[in-house]
Amino acid sequence: MSHILPVASLADQKFSVSIPDGWESARDEEWCCYLPAHGIEERQGWKIHISATIEQAHETLEQVAQIAIEHGLPFKHLSTAERFFWRNSKLCAREHAGKFIALYPPLDKLDYVLEDLEKSLKSSEGPYILSDRRWSKAPVYLRFGVFQPHVLDGRVTTSFVDPAGNEVPDLRSVRFNVPKWAPATAKISKWLQQSDSREQELPFVVSKAIQFSNAGGVYQGNYKGSSVLIKEGRKHAGLDPMLQDAAARLAVEHRALSALDSVRGIPSPYAQYCVWEHVFLLQEKAPGVSLHQWVQSQKIFDRMWANQNFERYIESSFNILRSLYSTIKAMHERGWSHMDVHPANVLVDKETWTVTLIDFENAVEGKNESKVQQLMAAPGFGLEGEHNPQVFDFHGLRQIGIFLLFPSVAESLLNPNHADTIIQRLRMRESYLGLSSRSGILGTYIDFLEELGQETRHLCLSSDVTGSQEIYTYETVISLLEQNDFPVHDRAPCPTEGIFSAQNDEIRDEGQALKRIEAVSAAIQTRSFNQRWRVYDGMAGTLLALLQTHCHSRTIRQRVDQTIEDFAALYLETPEQFAPLGMTRSTLSNSVEHQDSGLFYGHLGYAWLFSRCLNEPLVAQACTKALENELTSYRLDSEGLTLQLSQGKRLLPYLSTGSAGFGIVLPHIPREIWPEGLDKALPLLYRACDSTGSAFAGLMNGYAGLQLGRAGLAHLLDDDKPYQRSIDNIIDSLIFYGIHTSQSRLALAGEASTSPSLSIAEGAGGLLIALKTLQQQGTDFFWILNTFSNR
């Protein structure tokens, strides 16, 4: 089998058409647009959308372009075959999916254009466009929509304008909607009165929708008195790298489940139906929650303080692994491989301990005779290249075994040998989670992981990242880290303003420093709230950087102190201009652009700044208020045991955005100016940080930052060795997090998991900052940023 998947053949394919003289064309990354001399005359009307299959795309485009040009219609089409694939892939938003070509006819030409398109494309196929309604039998679809942005009351809008001149939103959804006032020809009116072909009776009952994608839906329902899981597959939609559609993958799953019926741990199939243009697979609804949810429910890795029964957890994990292994072996004996083994595809029933392997859409029939590629895989659980199909299942199972020991598998994206490295490192230690790694249940568990490795030993895994077997100590880690240069961020340039501006040579010049102070003062005086104020890349961070960089300059110190006092006055007047108050955050994003909470982005960062000038009563007052304002956005977890930043449906304990930041700031603020209630909140903030592990290892949103904040909070709670415990925890975590580059340097997996990270935000730089700060018996890491300049 070729190493090149069919989707790769689309890379260099572009779509284009020839247009007559007098027409204009424009091309961007997504669309190619064509305008006749008269342009688009209407601002809204009946849009015509055309869908196609990848095999027929070029031919369909030629036919549609010819008709559009003959009728003098503006039109556009997707620019490349890669864009076409994306529009028809599983992940494309359903309201935009399937649209290959769009035409913009005036009402008086609409009937004629539809007739020509239907005649020309009668033998063509394409996915149903969910936001539209099909005209007849060809892949020709209609919706009433805005043709182009237009000016209304002196501003540009993309809304409708109704006959009374009112602005009406043009809602793009997966339902076909037509405004009651939309003009229509006689043919369109008759078409609208006809029943929609999609409205057909189903031979089963749907009781609940579980999820949707462009490939189809997953539902819970009832079939002949049995509770069933219903999977829906759309024809020509939800394409995978083999360019197979969702309906074809469901056919594979049906074949696999039928062949594996009666294998323990695999759902039984009930029936398969084709209703309208969709395929439905009905199968046994397996009990339980996903393995990922089960691990989260155990609270093993986020409750270091709770004296968890790790031995019981390892026993349960071992039972899950062995049950999965038996299922996979039985599946292989019947000649099938799953090809996508990862925690989301494993269900665990916590009452009966039934373990079920689900989602067989990517399953492959055949034993070890042929080699295949893995089409889809959860990050950290897949293998690149061609291998015998059973190997992918054993590899995924062993990665699950590692995942059950520690919640991060991103490192395996960078080093396929990482599981072997972890096992070797565990063997060299006496214990992990308080259990012997050489005997007892944990020793047996590790033996089993080694045996799984032997199942795939004939593989030749290679990478430009190699593993390490050494036992880490503080000294060896510091030695490995100090060999590196450290950028601020992997995926963004170093901010010119903010806390990391201390790394810029310019700020070290006293004249330039004074100019920076003047710029901040001017922004305060003019109340320029359209500028950035936060610590990470704004004026609060710049003032902190100036204080540290020019700590021996009396002139700079005096000017900064005055500016901080003016800053505090403005903050007290309008704190909501600096960061949100209360539980108002709905955006779930890890991008620095979207953050507005915690040490780097929110009120806690302003408290950090104000804590540098507490001898001024106004600044001390602002510091108290900033701490109080930060806490308005925190809430207890479901069990009332931790206090974390509330961002939409998730809670954030991390140093840059949440609970851990308090461990950096509070040790330098006298308790008498803490806001009311903060003292009682201290144990709850501490528990949010005191974890065994985290999905990522870095400073801003990972384990190093959690442990740094934990130490500061532990110190305030009178822990006898707060800093050494955090150092030990970080060093121990490198069993799982540590990656050695080809230059024998220690790195971490960045949050994008595409390459080893040396950055301060996500990688080795932040790890070094955390360790060196803790070694100095403190948590305020700002002092060390100076030493990172020019590196």
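**View A. Helix 1 against helix 3.** Helix 1 (residues 57-71) packs on helix 3 (residues 107-120) at an angle of about 155°, and the two axes sit 10 Å apart. Helices here are DSSP runs of H or I with at least four residues, strands are runs of E with at least two, and both are numbered from the N terminus. Axes are lines fitted to C-alpha atoms, for helices over the stretch in contact, with angles from 0 to 180 degrees between N-to-C directions. That angle makes helix 1 roughly antiparallel to helix 3 (the label for angles over 145 degrees).

This is a predicted model: local features need pLDDT of at least 70, side-chain atom pairs count only at pLDDT 80 or more, and totals for chains, interfaces and linings use all residues. Residues are numbered from 1 along each chain as its sequence is written, and side-chain values use heavy atoms, leaving out hydrogens and water.

**View B. Who touches whom between helix 1 and helix 3.** Helix 1 brings Gln 63, Val 64, Ile 67 and His 71 to the contact, while helix 3 brings Lys 109, Tyr 112, Val 113, Asp 116, Leu 117 and Ser 120. Contact means heavy atoms within 4.5 Å.

**View C. The sheet 26-27-28.** Three strands form an open sheet in the order 26-27-28, paired antiparallel (a pair needs at least two DSSP bridges). Strand 26 (634-636) and strand 28 (650-652) are the edges; each has a single partner strand, so one side of each lacks a neighbour in the sheet. From one strand to the next, the twist averages 55°.

**View D. Strand 26, strand 27 and helix 20.** Strand 26 is joined to strand 27 (residues 643-647) by three bridges, and Tyr 634 faces Leu 645 of strand 27. Helix 20 (residues 678-689) lies across strand 26 and strand 27, at about 70° to strand 27.

Notes: Angles under 35 degrees count as roughly parallel, over 145 as roughly antiparallel, 65 to 115 as roughly perpendicular and the rest as oblique.
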